[in-house]
Every structure is written in structure tokens, then in C-alpha cells.
Amino acid sequence: MAIIVDLDLQLARHGLSVGEFAAAVGITPANIAVLKNGRAKAVRFTTLDAICRTLDCQPGDVLRWVPDDVTDDG
């Protein structure tokens, strides 16, 4: 199983840079990169809440699950 983080899509929709988004959410640009690149092992609910509040979206707009046997080409 894989959890895919679709932050790039949401940032583009809102016209936000990583730096602007990181400042609005209250985490570092480096941690945004960890999320975007799928290297995060966990996301705090407070961080997810701040992401959704900043992007005016639902958690499912940012996170999605794909089974192991499905290849994601973006």
C-alpha cells in the first residue's frame, strides 16, 4: 500500500509557493518537501488541520491511498 500526498496539485490550484504555504501552515519548507516527496512517516492531525485550513480542502484532497499493485504515474 502507498499513501500519495497531492500537495503539488493543491499548491498549484491556489497559486502558492512552497515557502508561502509553509509559512501559512507553520512548518518548515523542508518538512513540506518531506511530505510532497512521500518520505513522511506520519502527519500530525494539527498539521493536517492547518494544511486543510490553508488550502480550504478536505484531507482526502491532499492524501490518497493506492494499493501495491497499482502504479501511479501522477
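Q: pLDDT is the predictor's confidence in each residue, from 0 to 100. Among the elements of the protein, which has the lowest mean pLDDT and which the highest?
A: This is a predicted model, where local features need pLDDT of at least 70, side-chain atom pairs count only at pLDDT 80 or more, and totals for chains, interfaces and linings use all residues. Residues are numbered from 1 along each chain as its sequence is written, and side-chain values use heavy atoms, leaving out hydrogens and water. Elements are DSSP runs numbered from the N terminus: helices (H or I, at least four residues) and strands (E, at least two). The lowest mean, 91, belongs to β1, and the highest, 97, to helix α4.

Q: What is the mean pLDDT of the protein?
A: A pLDDT of 70 or more is reached by 92% of the residues. Averaged over the protein, the value is 91.

Q: Is L7 buried or exposed?
A: You can find L7 in helix α1 (residues 7–14). Buried means under 20% relative accessible area, exposed over 50%, and partly exposed in between, using a 1.4 Å probe and protein chains only. Because its relative accessible area is 0%, L7 is buried.

Q: How far apart in space are L7 and L63, C-alpha to C-alpha?
A: Let's look around L7 next. Leaving aside neighbours within four places in sequence, its contacts (heavy atoms within 4.5 Å) include F21, I32 and V62. L63 is 56 residues from L7 in sequence, but from C-alpha to C-alpha the two are 8.3 Å apart.

Q: How many salt bridges does a search of the whole structure find?
A: A salt bridge is a side-chain nitrogen of Lys or Arg within 4 Å of a carboxyl oxygen of Asp or Glu. One of them joins the side chains of K36 and D8, at 2.9 Å from N to O. K36 lies in helix α3 and D8 in helix α1, so this pair ties together parts that are 28 residues apart in sequence. Over the whole structure, the number found is three.

Q: How many residues apart in sequence are the parts that R64 and D6 tie together?
A: The side chains of R64 and D6 meet in a salt bridge, 2.6 Å from N to O. R64 sits in strand β2 (residues 63–66) and D6 in the loop between β1 and α1, so the parts they tie together are separated in sequence by 58 residues.

Q: In which helix do D49 and R53 both lie?
A: D49 forms a salt bridge with R53, their closest N and O atoms being 2.1 Å apart. D49 counts as partly exposed at 41% relative accessibility, while R53 counts as exposed at 58%. The two are four residues apart, about one turn, in helix α4.
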